[in-house]
Amino acid sequence: MTRTAPAADRPEPLRYAAFTADPAGGNPAGVVLDATGLTDEQQLATAARLGYSETAFLTADPDRPRAHTVRYFSPLAEVPFCGHATIAAAVALGERHGPGEFRFTTAAGPVPVEVTRDPDGGHRATLTSVPATVEDADPQDVAEALAALRWRPEELDPRLPPRIAYAGARHLVLAAASRARLADLAYDFEALAALMRRLDLTTLQLVREQDATTYHVRNPFPVGGVVEDPATGAAAAAFGGYLRRLRGLTTARLTLHQGEDLGRPGVLTVDLTEGDDRVRVTGRAVRIQ
């Protein structure tokens with residue numbers, strides 16, 4: 001029987017900004033390094049109280065060094081996988097236990113994370129996603145998403161057709177035909193949330209291609225109770241799988257810029273490796289004091 005942690009013993013989450021070296025940039029995440037004894041309700045309440053798009057709750061594996069089970073909660077619900085909270089949690093562990101690999105077991109599957117120290121003393125982490133998959137998006141679902149976003153069909157970039165991409169969580173990829181269209185995001189929160197719940201989507205991955213390896217991205221997240229996620233590692237991994245399938249990429253490095261339109265700029269590096277259907281996502285993370 002699992003012991004329930006008394007209210008007074010519930011740990012206060014650490015606060016990190018992921019995919020940035022600036023505490024005011026990137027995507028804030030909560031990290032609970034020891035969630036032993038916390039119930040689902042307590043974890044959800046902790047995430048809701050913190051108010052970040054996700055908080056990671058870690059439980060160490062007593063039989064495997066540097067291995068943890070990780071669960072992710074938004075203010076409204078548990079999600080199967082969260083990239084920015086994974087990066088934040090790994091950096092938090094790396095600061096305490098030194099660089100190297102940590103092995104995370106998530107609801108989506110195993111996610112190894114490699115932590116390195118930069119010359120300036122900061123830390124970055126590279127997560128390796130579960131195998132990425134891509135499926136066609138139903139035209140009626142796309143039309144419903146566009147209506148909720150208040151986008152017109154002609155405002156999509158035909159070079160990057162709508163698809164549902166997965167690398168631990170499901171994301172509908174929609175490409176804007178202009179940077180101005182991507183920058184102007186004012187959507188119907190309830191309508192988009194209802195569609196996303198029906199399709200089991202974690203976020204929408206809205207993208208604008210700058211060039212073949214550089215993209216600007218935004219991620220509405222109404223199903224998590226958040227208007228927009230400032231930097232989304234799970235969606236970045238899914239998008240890497242999407243581009244590999246769409247363009248037949250083998251080995252590639254992609255740079256995704258996110259959070260600029262929110263005043264929290266972040267950079268996500270996405271690596272594709274020949275013969276491996278997983279995707280690697282790299283970013284810095286820094287403690288928020």
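Predicted model: local features only at pLDDT ≥ 70, side-chain atom pairs only at ≥ 80, totals over all residues.

Me: Why is V142 called buried?

Reply: Buried means under 20% relative accessible area, exposed over 50%, and partly exposed in between (1.4 Å probe, protein chains only). V142 has 10% relative accessibility, and therefore counts as buried. This residue lies in helix α3; helices (H or I, at least four residues) and strands (E, at least two) are DSSP runs, numbered from the N terminus.

Me: Which residues is V142 in contact with, leaving aside its neighbours within four places in sequence?

Reply: They are A137, P162 and L174, where contact means heavy atoms within 4.5 Å. V142 and P162 are 20 residues apart in sequence, yet their C-alpha atoms are 7.3 Å apart in space.

Me: How do you know that the buried residues of α5 line one face of the helix?

Reply: In α5, residues 189-199, the buried residues are L192, A193, L195, M196 and L199. Seen down the helix axis, they fall within an arc of 165°, so they line one face; the arc is that of the directions from the axis to the C-beta atoms. An α-helix has 3.6 residues a turn, so residues three or four places apart point the same way. The face turned away from the buried side of α5 carries the exposed residues E190 and R197.

Me: What do the buried residues of α5 pack against?

Reply: They pack against α3 (139-149), β11 (170-175), β12 (203-211) and β13 (214-221).

Me: What makes D188 a cap of α5?

Reply: A side-chain oxygen of D188 lies 3.3 Å from the backbone nitrogen of E190, at the N-terminal end of α5.

Me: Are F19 and D200 buried or exposed?

Reply: F19 has 2% relative accessibility, so it counts as buried. D200 has 54%, so D200 counts as exposed.

Me: What makes a space a cavity, and what makes it a pocket?

Reply: On a 1 Å grid over the protein atoms alone, a cavity is a set of points where a 1.4 Å probe fits but cannot get out, whereas a pocket is an open set with protein on both sides within 12 Å along at least five of seven lines; lining residues have an atom within 4 Å of a point. The structure holds one cavity of 30 Å³ or more. The largest cavity has a volume of about 50 Å³, and its lining includes E54, F81 and D229.

Me: How many residues line the largest pocket?

Reply: There are 16, of which E78, P80, D200, L201 and T202 lie nearest its centre. The largest pocket holds about 230 Å³ of space, and β5 (78-79) and α5 each give two or more residues to its lining.

Conventions. Residues numbered from 1 in each chain as written. Heavy atoms only, no water. Polar contact = N/O pair within 3.5 Å; in protein donor to acceptor, adjacent residues only side chain to side chain. Points joined across faces, edges and corners; volume = space filled by probe spheres on them.
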